[in-house]
Amino acid sequence: MEFLENAWEFALQAVNDHSHGVLEIWVPTVLFTIAMDVWNIDTVKALLKQPDGRELYIHCIKTNILFQIVFGSFGYILSASVFCVQHDLEPWQQLMAVVGTMVGHNVIYYFIHREFHENPSWYKYHKLHHRYNAHVPPSAANAVSIEEYIIAYITPTVLCTVIIPTDVWSFTTTVQIMSILNIAVHTPKLEALSEKWLPSWWVSSHDHLEHHRKLNCHYASPSLNIDNLLEFANGLLDQHEGSKKVSSLK
């Protein structure tokens with residue numbers, strides 16, 4: 001009984017301490033989602049014209065409310081109160097925490113996402129997101145199953161927070177950046193601009209929307225282009241192996 005009372009007190013204190021952080025994340029994220037959908041209203045209208053379009057767009061709205069406000073809030077408060085260090089880090093440490101968590105999240109997400117596509121027993125959790133293919137509104141960024149949200153969205157960030165010393169400010173900043181980038185790569189009106197201006201090591205809206213159209217390419221999201229980085233690394237290895245073979249023949 002005492003354990004339950006202590007747990008309840010801890011939970012109430014965690015909510016009290018970190019509720020402002022929840023607002024700092026989901027208010028700008030929700031407002032940005034709405035703004036991007038309005039900007040891409042032609043895509044929204046095209047989706048609504050599909051036979052199942054109304055159902056899909058309602059699902060976008062429901063999942064954004066459920067995941068951003070309910071599951072996202074729970075995950076944030078749990079991570080901020082349990083996994084984050086409970087004191088402010090030095091500015092350089094905060095920068096390392098943000099960059100490290102973003103890189104780690106992208107690497108873990110890449111392999112989870114690829115597994116979703118290559119393993120039929122996993123794809124059942126991901127196929128809902130790929131009902132948005134011809135017309136992908138920005139709000140579809142969070143239109144996923146509960147299983148996918150927990151496995152691919154929450155888990156990589158929490159794992160990185162456990163491994164990398166991260167304070168609450170660093171964690172909040174990282175989640176804000178990742179949330180905005182996730183919406184951006186699902187934004188059709190950014191497709192041409194991102195393809196033209198973003199470097200090949202960064203995920204563009206074109207890359208991710210091409211993934212929605214073709215399914216079997218561009219698994220990286222939402223920042224570092226792990227697909228291209230792995231391809232570059234494999235090219236270097238092949239070049240090195242080729243040089244060794246040439247040297248051995250001399």
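**A helical chain, its cavity and its rings**

Let's start with contacts, meaning heavy atoms within 4.5 Å. Take the contacts in the protein chain with a separation of 6 or more: 70% of them come from residues 24 or more positions apart.

A word on the source. This is a predicted model, where local features need pLDDT of at least 70 and side-chain atom pairs count only at pLDDT 80 or more, while totals for chains, interfaces and linings use all residues. Residues are numbered from 1 along each chain as its sequence is written, and side-chain values use heavy atoms, with hydrogens and water left out.

Now the fold. The protein chain has 10 helices and 0 strands. Both are DSSP runs, numbered from the N terminus: helices are H or I with at least four residues, strands are E with at least two. Along the sequence, the pattern reads α-α-α-α-α-α-α-α-α-α.

How much of the chain is buried? Of its 250 residues, 44% are. Buried means under 20% relative accessible area, exposed means over 50%, and partly exposed lies in between, with a 1.4 Å probe and protein chains only. The chain exposes about 13,700 Å². Carbon and sulfur atoms supply 67% of that area. The areas come from the Shrake-Rupley method with a 1.4 Å probe, and for residues only the protein chains shown count as cover.

The search uses a 1 Å grid over the protein atoms alone: in a cavity a 1.4 Å probe fits but cannot get out, a pocket is an open set with protein on both sides within 12 Å along at least five of seven lines, and lining residues have an atom within 4 Å of a point. Points join across faces, edges and corners, and volume is the space filled by probe spheres set on them.

The whole structure has 1 cavity of 30 Å³ or more. The largest cavity holds about 530 Å³. It is lined by 34 residues, and the closest to its centre are Tyr149, Tyr153, Thr157, Val175 and Ser179. Which helix gives the most to this lining? That is α3, with 8 residues. Helices supplying at least two residues each include α1 (2–39), α3 (53–83) and α6 (146–163). The lining has 17 nonpolar residues, 17 polar and no charged. Here Ala, Val, Leu, Ile, Met, Phe, Trp, Tyr, Cys and Pro are nonpolar, Asp, Glu, Lys and Arg are charged, and the others, Gly among them, are polar.

The largest pocket has about 190 Å³ of space. Its lining includes Val30, Asp37, Tyr57, Asn64 and Ser139. The pocket lining divides into 8 nonpolar, 3 polar and 1 charged.

Last, the rings. There are 8 aromatic pairs. Rings of Phe, Tyr and Trp (its six-membered ring) pair if their centres lie within 6.5 Å; planes under 30 degrees apart are stacked, over 60 edge-to-face, the rest tilted.

Why is the pair of Phe67 and Tyr149 stacked? Because the planes lie at 10 degrees, with ring centres 4.3 Å apart. Phe67 sits in helix α3 and Tyr149 in helix α6, so the pair ties together parts 82 residues apart in sequence. Phe67 is buried at 1%, and Tyr149 is buried at 8%.

Tyr110 and Phe111 make an edge-to-face pair, 5.1 Å centre to centre with 85 degrees between the planes. Tyr110 is buried at 5%, whereas Phe111 is partly exposed at 41%.

Finally, ring pairs link Phe67, Phe71, Tyr149 and Tyr153 into a cluster.
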